[in-house]
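This report describes some features of one protein chain. Please look at the sequence and the model below before reading on.

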Amino acid sequence: MNFQIEIDGVLTDIESTQTLLEKCKELGINIPTLCHHEDLGSQKVCGICVIECNGELLKSCETYPQENMIIKTKTPKIIEKREKILKDIMENHPNDCLTCEKSKGDCELQNISFEYNIVNRNLVDIRKYEIDNSSSGITRNMNKCILCERCVAICKEVQGLGIYEVIEADGVKEIVIKDGKLLGESKCVSCGQCIKICPVGALTEKNSVTELNRLLKNSQKHIVVQMAPAIKHTIGEEFFITPGVDVTSKMVGALKKLGFDKVFSTDFSADVTIMEEGTELIERLMKGDRELPMFTSCCPGWVNYVEKSYPNFIKNLSSCKSPQQMFGALAKSYYSNTLNIPKEDIYVVSIMPCTAKKGESERIEMQENGIRDVDLVITTREFAKLIKMNNIDFNSLPDDLTYDSFMGLGSSAGRIFGSSGGVMEAALRTVSHILTDGQLKQIEFKTLRGFENVKSAEIILGERKIKVAVINGIGSAKKVLDAIEKNKIYFDFIEVMACYGGCISGGGAPIPDSLEVRKSRMKGMYLFDSNSTLRKSHENIEVINLYKNYLKEPCGHKSHHILHTTYSNKTKV
């Protein structure tokens, strides 16, 4: 059913199921919001989206059309109401924008306050809560919380975790971690999706920029850096470049200017991951053992989820380290030995789209004799801050720079690791080559791409048929795991990414992070793949040399020691 209503003097048609907020946004009318988010809808708590309807102020996020509506969006009455809401928030908000992680334009409260000329006049230290730094990847500062409830919604409704809850005592609301725990004690998997939708600085990634900036200026270490595949198609957004555009060369230029000794690519170690994980899959298939399906282990948020919530599936996780950790382990063995640099003198930095990667690098299993595989992890957003604070003009950097050789070459199979379905597709390109002696020419598996919750396919590899699935987001994983436990479905190989869309939507990715932006990022990644001349991991000459000169064979004794790991039951958190 449609209605015709008047908005700011213009007649317009509106569907009965469409809120006035949705219609105004569709018409390009700016209605400020703090609790509404396009991925979640509205939590209907902040009230700043008010509009005037026939003289009455209504929340546009919860108002649906009726006959004879006359809507106004810019009256003095509306402005007065919005200003009052902002002033009330600011009276209880810390006056520390200068040092806030969200102050560079990501803070929605700050942006709306600028629009309405609201100044935080509260000069008193109003800190009521201890800052929660118990998580390895996320800082939680509830002094800045404006009770929009977005974190509650995304954690419960999208990710299916339900870590946060709203409590009320004596008329005062708070958002807390369930069971009175700290974030690091909970079943949080550090996916960081709550960070991206928090409109203020109440939830941020752990800051590693200051430490890294000092190291680059003063350290005597040999500092090498790796960049995850997704970042090449996302960080440009921080410098007003269209989402999805490949800015690899500019990233290399910025890292050289920052002072890194060697600039390498995680695309390389993604290819190594395929060699190891693909071989492991083939071994499990051939044995026909009970440890099928095999799950990918590239995503630390997913690994955290299995360890904390489904420990009976730990045996099904691939024993492979993630590409990040494989790179670090090889830097401190293969690279160290070949260049004759003591591994204790090598400092490995990772630039990742993921907040959970910070915790992954700190795992006890990811170090040997006290020497960590990866020493420090920064997110995509932190990398952008590092570039800006060092006054590097990113957009003017050249477009013809490449990674350093030895551990810098990656196939486009390694690159598509950044998209949901990419790990699976990359693995199938190599596994199909091995199982069919190179007879299967198919290298694109497009049914496994995209944003569906669960994508599946049956692949015929010679005389063998395998069933594979790609799971998009932790929230979708629970249903599949429960069905597998009850023997309702069967798969041989499953990819799981904690974040919808994969690493292009990671907790450390640029903000805003709308579905259209994610689609552009994914499109750019697959465009790179289709234009590449090196599309299979096993054809990467640097990977070939790695096995020829050092590891000898995938899943062999040496590679198993360096590139594989174990996981453990962490349900008692």
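The lining of the largest pocket has 10 nonpolar, nine polar and 10 charged residues. In this grouping Ala, Val, Leu, Ile, Met, Phe, Trp, Tyr, Cys and Pro count as nonpolar, Asp, Glu, Lys and Arg as charged, and the others, Gly among them, as polar. The model is a predicted one, in which local features need pLDDT of at least 70 and side-chain atom pairs count only at pLDDT 80 or more, while totals for chains, interfaces and linings use all residues. Residues are numbered from 1 along each chain as its sequence is written, and side-chain values use heavy atoms, with hydrogens and water left out.

**Pocket and cavity**

Rolling a probe the size of a water molecule over the atoms shows where empty space is left. On a 1 Å grid over the protein atoms alone, a cavity is a set of points where a 1.4 Å probe fits but cannot get out, and a pocket is an open set with protein on both sides within 12 Å along at least five of seven lines; lining residues have an atom within 4 Å of a point. Grid points are joined across faces, edges and corners, and a volume is the space filled by probe spheres set on the points.

The largest pocket has a volume of about 710 Å³. It is lined by 29 residues, and H36, H37, E108, R150 and P512 are the closest to its centre. Helix α3 gives the largest share of this lining, four residues. Helices (H or I, at least four residues) and strands (E, at least two) are DSSP runs, numbered from the N terminus.

By the cavity rule, there are five cavities of 30 Å³ or more. The largest cavity has a volume of about 260 Å³. Among its 25 lining residues, C298, P353, K357, M497 and C503 lie nearest the centre. This lining divides into 18 nonpolar, six polar and one charged. At least two lining residues come from each of α9 (300–309), α10 and α11 (356–362).

**Helix packing and a salt bridge**

Helix α10 (residues 323–339) also packs against helix α17 (residues 541–551), at an angle of about 75° and with the axes 11 Å apart. Axes are lines fitted to C-alpha atoms, for helices over the stretch in contact, and angles run from 0 to 180 degrees between N-to-C directions. The two helices, α10 and α17, are therefore roughly perpendicular, the word for angles of 65 to 115 degrees (under 35 is roughly parallel, over 145 roughly antiparallel, the rest oblique).

A salt bridge is a side-chain nitrogen of Lys or Arg within 4 Å of a carboxyl oxygen of Asp or Glu. The count comes to 38 salt bridges. In one of them the side chains of D404 and K256 meet at 2.8 Å, N to O. D404 is in the loop between α12 (380–389) and α13 (412–415) and K256 in helix α7 (residues 248–258), so the pair ties together parts 148 residues apart in sequence.

**Backbone exceptions**

Most residues other than glycine have a negative phi, and most peptide bonds are trans.

| Cis peptide bond | Omega |
|---|---|
| L292 to P293 | about 0° |
| I511 to P512 | near 5° |

P293 is in the loop between α8 (266–287) and β12 (294–295). P512 is in the loop between β19 (493–497) and α16 (515–531). D8, a residue other than glycine, has a positive phi near 50°.
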